[in-house]
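Please look over the sequence and the structure shown here before reading on. The report that follows takes up a few places in turn.

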Amino acid sequence: SLQEVTRSLSERFNIPVGIYVVEVSKGSGAEAAGLQTGDIITKFDSETIESYDDLQNIIKYYTKGTTVKITYERQENGVYKTFTTDLTLGEKPKDVN
């Protein structure tokens with residue numbers, strides 16, 4: 001499941017703006033791509049993601065089975081580092097927590 005990291009949350013908690021990965025489902029495209037709980041998705045197929053609406057507006061043009069590049073931030077030793085991975089889309093997310 002996913003949750004927005006808004007600009008105000010970003011500034012308050014010193015974390016990147018984007019979509020926070022709350023949970024990675026077993027067998028999902030996110031798991032296969034190596035995403036982990038706590039990662040923050042910042043780009044989807046080179047498009048900047050700052051809100052859940054941004055993600056929904058982009059993802060609606062892709063079909064299940066399409067592989068896209070995902071850019072995400074992961075905290076390591078107290079510092080967020082940028083990573084990129086290929087993610088093969090599964091079922092589209094239905095909601096945000």
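Predicted model: local features only at pLDDT ≥ 70, side-chain atom pairs only at ≥ 80, totals over all residues.

Serine 46 belongs to the loop that runs between S3 and S4, and, although it is not a glycine, it has a positive phi of about 75°.

Aspartate 45 lies in the loop between strand S3 (40–44) and strand S4 (47–48), and this residue, which is not a glycine either, has a positive phi of about 50°. With a relative accessible area of 29%, aspartate 45 is partly exposed. As background to both phi values, most residues other than glycine have a negative phi.

## The hairpin of S5 and S6

Strand S5 (residues 67–76) pairs with S6 in the antiparallel sense, and the pairing extends over 10 bridges. Within this arrangement, arginine 74 has lysine 81 of S6 as its bridge partner. The hairpin has 2 residues between the strands, and asparagine 77 takes a positive phi near 55° there.

## Threonine 85 in S6

Threonine 85 is found in strand S6, which covers residues 79–88, and it is buried, since its relative accessible area is 15% and buried means under 20%. Leaving aside residues up to four places away in sequence, threonine 85 touches Ala33, Val68, Lys69, Ile70 and Tyr72. A polar atom of the threonine 85 side chain lies 3.0 Å from the backbone oxygen of alanine 33.

Key:
Residues numbered from 1 in each chain as written. Heavy atoms only, no water. Helix = DSSP H or I, 4+ residues; strand = E, 2+ residues; numbered from the N terminus. Buried < 20%, exposed > 50% of the residue type's maximum accessible area, 1.4 Å probe, protein only. Polar contact = N/O pair within 3.5 Å; in protein donor to acceptor, adjacent residues only side chain to side chain. Contact = heavy atoms within 4.5 Å. Pairing = 2+ DSSP bridges.
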